[in-house]
Amino acid sequence: RGGQSFRRAGGRGILELNCLQELEAGVAPPLRFRFAVGSLPPRGPVLHDFAAHTLCGLPAAEEVWDLADQVDQLSKSFTVHLEVAIGDQVVADWGAGECDGAGAA
């Protein structure tokens with residue numbers, strides 16, 4: 001399925017958080033988020049106003065992940081963790097989702 005892209009990228013990739021709902025400027029507070037992949041330590045946090053820009057990732061110095069090292073060979077997938085907070089209140093704590101390692105790039 002996407003295995004060629006994953007191999008072509010050398011098993012490396014970036015994560016971005018996308019807000020699918022249009023937010024009214026000045027009404028929705030900025031969110032703070034961070035990512036972790038597999039057993040790697042978390043990166044971030046990033047403070048972002050999704051009302052201004054709906055897509056955000058990590059700073060350039062932190063954005064590239066070595067995903068290939070985190071792929072479970074049996075399931076051919078890796079786990080992505082996301083923590084989201086509004087101010088100091090965590091609203092989503094390390095929810096884990098599996099990504100098909102063959103389709104990531």
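The following points comment on a predicted model of a protein chain.

1. Confidence. The protein chain has an average pLDDT of 85, and 83% of the residues score at least 70. Among its elements, strand β5 (residues 55-57) has the highest mean pLDDT, at 97, whereas strand β8 (residues 89-100) has the lowest, at 61. Over residues 101-105 the pLDDT stays under 50, and the model has 15 contacts beyond four places in sequence for these residues.

2. Strand β7. This strand covers residues 77-86, and seven of its ten residues are buried, so β7 is largely enclosed by the rest of the structure. Strand β3 (residues 31-37) runs antiparallel to β7 and is joined to it by seven bridges. Within this pairing, R34 has E83 of β7 as its bridge partner.

3. Residue S77. S77 belongs to strand β7. Its relative accessibility is 7%, and because buried means under 20%, S77 counts as buried. The side chain of S77 also makes a polar contact, at 2.7 Å, with the side chain of S75.

4. Residue K76. K76 lies in the loop between β6 (65-66) and β7. With a relative accessible area of 44%, K76 is partly exposed. The phi of K76 is near 55°, which is a positive value in a residue other than glycine. Most residues other than glycine have a negative phi.

5. The bond between G44 and P45. The peptide bond that joins G44 and P45 is cis, with omega at about 10°. Most peptide bonds are trans. P45 is found in strand β4, which covers residues 43-48.

Methods:
Residues are numbered from 1 along each chain as its sequence is written. This is a predicted model: local features need pLDDT of at least 70, side-chain atom pairs count only at pLDDT 80 or more; totals for chains, interfaces and linings use all residues. Side-chain values use heavy atoms; hydrogens and water are left out. Buried means under 20% relative accessible area, exposed over 50%, partly exposed in between (1.4 Å probe, protein chains only). Helices (H or I, at least four residues) and strands (E, at least two) are DSSP runs, numbered from the N terminus. Two strands pair if DSSP finds at least two bridges between them. pLDDT is the predictor's confidence in each residue, from 0 to 100. Contact means heavy atoms within 4.5 Å. A polar contact is a pair of N or O atoms within 3.5 Å; within protein, one must be able to donate a hydrogen and the other to accept it, and residues adjacent in sequence count only if both atoms are side-chain atoms.
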